[in-house]
Amino acid sequence: MSSQTTKVVLSLNATEVNLLKEGLNFKKNPEDGFCYIIFKSKDGLKACKNQCKHQGGLFIKDIEDLDGRTVKCTKHNWKLNVSTMKYVNPPDSFLQDQLDVEVLDDGALQLLELSPVHPWLTDPRETLELQEGEVKVTYLTHACMELQLGQKRFMFDPWLKGPAFARGWWLLHEPPDDALDRLCAADLIYISHMHSDHLSYPTLKVLSERRPDAPIYVGGLSRPVFWYLEQSQVKLTNINVTPFGVWLNIDEHLRFMILMDGVHPEMDTCIIVDYKGHLILNTVDCTRPNGGRLPQNVDLMMSDFAGGASGFPMTFYGGKYTDSWKTDFIKTERRKLLNYKAELVRSLQPRIYCPFAGYFVEAHPSDKYIKDTNVKNTAEDLNALINKLAPDIKTWTPKPGAVLDLGLALKDSSNSEAISNPPTNAKVYKDSWEFDLYVEEINSAISCEIFKHQSWIQFYYTWAGFKNYNLVVRIIESDDHFEPLRDGYDYLVDFLDLSFPTARPDREHFYIEIKNRVGVMRYVVLHGCLWDDLYIGFQNRISRDPDVYHHKYEHIHREYH
């Protein structure tokens with residue numbers, strides 16, 4: 001079986017994209033004559049084939065629709081609301097398959113189609129009854145789950161010690177005492193993507209010392225998951241890069257398939273595990289896993305839920321970024337995320353749903369402002385909403401060490417023996433993180449020899465390779481409270497010609513001012529790390545003039561590593 005591929009079915013240049021009007025846009029590919037519908041709103045762009053799912057008829061604008069969201073099939077008058085991709089006549093019949101919309105750096109647009117769309121349907125297997133104790137799912141912490149599947153143990157995204165994103169994220173939940181032993185004994189380990197709350201080098205260092213040949217599986221991303229392995233000096237010798245949309249058979253009863261994300265196909269993945277015909281779906285951090293096409297009625301589904309995994313808007317200052325504006329924005333965004341996740345779960349109708357991968361905390365005392373401001377969704381709130389929308393779906397909010405016996409739960413979801421909770425005296429929340437150990441390691445970069453010579457600035461940004469963009473950035477090295485350091489570097493980078501002027505140029509230009517904690521900034525420079533450590537890790541403060549998002553600049557740290 002060949003791997004899943006992505007095909008460009010329609011391309012629009014920047015001018016054509018700017019001409020797209022609010023609401024419905026009908027477009028034809030001049031090369032093959034196939035037609036597409038693009039729906040534009042304040043939330044972005046959605047797209048689908050201009051083809052009715054009933055019998056393949058073409059859609060036209062529905063003149064009875066005053067909102068400009070609905071199209072009507074010319075064959076049997078079926079109606080599709082393109083803003084939701086739901087058929088409204090007949091109601092509750094189908095969902096229209098969406099195409100992935102990719103906006104390129106130059107403002108052009110591509111519509112992408114995955115092939116095959118539903119790869120898990122290839123080579124279907126008969127569903128066999130599970131015995132008690134045959135399939136056990138143990139929650140360890142954050143995004144780390146251990147699956148016992150017959151005789152095999154499969155572990156997901158082990159972040160079991162140390163911080164993530166430099167020193168910005170710390171584990172909220174205390175992993176069980178034997179979590180590292182479980183990791184080192186695992187038969188398979190899946191790591192979804194390169195972010196350090198999933199790919200944890202402090203955790204993998206323990207694995208490399210005790211069992212460097214442990215089998216690790218990652219998706220075949222264009223930005224490799226283990227791009228930093230050599231620099232990390234962590235020795236792992238059995239990393240397997242797996243093609244997308246292909247079943248990987250482990251034994252007679254166990255197989256799994258890795259799928260890409262529709263919004264970030266270059267850096268995010270999710271996984272489907274099949275044991276004796278029973279499917280477990282873990283969408284991890286994917287925004288639109290597999291382009292929004294996912295299996296329905298799986299036995300167990302897991303996904304993220306919390307939000308707050310970004311520096312925006314907490315690290316921004318000036319202009320509209322008052323505390324009250326941030327509070328209102330965060331509240332609105334969390335509510336939207338909660339509703340989206342609940343609706344996704346309702347539409348997929350898994351037998352059991354478990355929210356996870358959101359249990360981090362900005363625990364370092366210097367980040368108290370972020371911790372207080374960056375309010376997250378709770379798993380309990382999401383499960384309560386799902387229970388209201390879809391009461392037939394069983395929800396599970398585990399504590400560290402809690403175990404779900406899938407066989408028992410599927411036979412009788414009300415069976416109290418299907419879930420084993422940790423002992424009542426087991427620690428749930430971490431209260432000690434060894435801050436000094438990890439912060440001192442980061443701050444050791446401050447006194448490195450290269451920073452005694454200003455020439456490092458030109459060398460670093462030339463190495464990064466980002467230029468030919470009308471953006472000027474001022475970088476100010478600061479202390480932990482974002483006060484500029486008297487003897488720290490404070491410099492301008494003009495990315496139009498990659499020069500380092502002493503004052504802002506006279507021409508019109510975009511301008512960003514960034515205060516970076518000196519230890520983290522120098523550690524990132526010294527080790528060639530991602531700028532995600534600064535931004536997602538809340539290690540800087542940012543002001544923009546004008547206040548616009550620069551897609552190209554924000555991706556400098558990913559494009560050039």
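Among contacts (heavy atoms within 4.5 Å) between residues at least 6 apart in sequence, 65% join residues at least 24 apart. Bear in mind that this is a predicted model, where local features need pLDDT of at least 70, side-chain atom pairs count only at pLDDT 80 or more, and totals for chains, interfaces and linings use all residues. Residues are numbered from 1 along each chain as its sequence is written, and side-chain values use heavy atoms, with hydrogens and water left out.

The chain has 14 helices and 32 strands, taken as DSSP runs numbered from the N terminus (helices H or I, at least four residues; strands E, at least two). Its C-alpha trace spans about 70 × 60 × 45 Å along the principal axes. Of the 561 residues, 54% are buried, meaning under 20% relative accessible area with a 1.4 Å probe, protein chains only.

Now for K430. You'll find K430 in the loop between β28 (419-420) and α9 (435-443). So is K430 buried or exposed? K430 is buried, because its relative accessible area is 17%. Leaving aside neighbours within four places in sequence, K430 is in contact with L171, L172, H173 and E174. With E174 there's also a side-chain to side-chain polar contact, at 3.3 Å; that term covers a pair of N or O atoms within 3.5 Å, where within protein one must be able to donate a hydrogen and the other to accept it, and residues adjacent in sequence count only if both atoms are side-chain atoms.

Methods
Buried means under 20% relative accessible area, exposed over 50%, partly exposed in between (1.4 Å probe, protein chains only).
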